[in-house]
Amino acid sequence: MKKILFTLCFLLTVFSAVSQVRDVRQKAAKDKSTSGTRGSSGSKSGSSSSFSDDDDGCFDFIVFELFYHALTGAFKGVYYGQSYTLQQKADRPELVSFQAALSSGYDYKSNAFTTVPSLRGNWGVFASDLRMVHVNDVTGNMQMVDWQVLMVRLPIQNVKLEYGIGFTHLWSPSKTYFEQSAGVELNLFNGDGAVQGGYRWSQMTSLDERFRQEFNLEADYQVAMLGSFRLCPMVGYTWQNYFDSTKFNFFRVGMKFKLY
């Protein structure tokens with residue numbers, strides 16, 4: 001009898017402490033229904049609004065000129081920056097590279113697991129990062145596709161600063177959120193080792209909360225090389241906060257496969 005009571009108490013404790021995944025999916029479903037309602041009402045109110053015809057033509061011209069020259073200057077800056085960065089490829093081959101990675105992590109407090117396969121391409125000052133995030137606990141599982149479609153990187157010797165824009169898509173319930181990222185990468189030991197840190201944040205939802213905020217810190221080290229192929233074990237830590245209420249702390253291990 002004591003063993004049965006102990007088992008029941010243990011199961012109740014586990015289920016009460018790890019309802020994380022179920023909570024996230026329920027809030028995502030609520031956000032999906034709420035945003036749909038707001039969208040339909042917003043379209044009606046928006047149709048009744050109109051712009052005034054008393055705009056100052058001179059002011060419009062100044063704004064257009066400022067926007068045009070700012071856009072042109074930014075384009076030229078990126079163009080010359082890309083050209084200069086590609087010229088450094090002989091000394092810094094990682095500036096043009098491809099990377100595949102697979103890592104798994106565990107949250108001891110929530111008794112949750114995560115698996116993250118990912119692909120990443122670097123081309124001078126540009127990069128793109130695609131990953132599949134799978135989170136599972138006793139209440140269920142959720143799968144997301146995260147794609148930082150365009151990332152702009154600023155390489156300064158052994159340090160790279162980056163900013164990216166993209167989206168995250170939750171499979172069930174089906175919902176997509178705009179997402180941004182900022183990060184830094186530090187190359188160590190003549191390029192054999194690397195430390196990366198990054199922060200991602202999704203848009204505000206109809207519930208006035210962000211779908212997800214995430215902080216990543218990881219390190220990898222090259223242990224084998226065959227031609228242009230490099231094998232790099234990695235360790236990392238990931239903090240995730242969904243809807244400002246459901247948090248995960250994953251300690252991860254995995255492997256990176258680099259080609260450059």
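Which residues are linked with R120 in a network of salt bridges? I looked this up in a predicted model, where local features need pLDDT of at least 70, side-chain atom pairs count only at pLDDT 80 or more, and totals for chains, interfaces and linings use all residues. Residues are numbered from 1 along each chain as its sequence is written, and side-chain values use heavy atoms, with hydrogens and water left out.

**Entry: the network.** I found that R120 is linked with D129, R131, D146, E162, E179, R200, R212 and E214. I took a salt bridge to be a side-chain nitrogen of Lys or Arg within 4 Å of a carboxyl oxygen of Asp or Glu. Side chains of opposite charge can pair when their charged atoms come close. I noted 15 salt bridges in the structure.

**Entry: D146 and R212.** I found these two side chains joined in a salt bridge, 3.0 Å from N to O. The pair links distant parts of the chain, 66 residues apart: D146 lies in strand β4 (residues 140-156) and R212 in strand β8 (residues 212-221). Strands here are DSSP runs of E with at least two residues, numbered from the N terminus. Both D146 and R212 are buried; buried means under 20% relative accessible area, with a 1.4 Å probe and protein chains only.

**Entry: D129 and R120.** I read 3.5 Å between the closest N and O atoms of this salt bridge. D129 and R120 are both buried.

**Entry: E94 and R92.** I also looked at the salt bridge between the side chains of E94 and R92, at 3.7 Å from N to O. Why does E94 count as buried? E94 counts as buried because its relative accessible area is 18%. R92 is buried too, at 18% relative accessibility.

Note on methods:
Buried < 20%, exposed > 50% of the residue type's maximum accessible area, 1.4 Å probe, protein only. Helix = DSSP H or I, 4+ residues; strand = E, 2+ residues; numbered from the N terminus.
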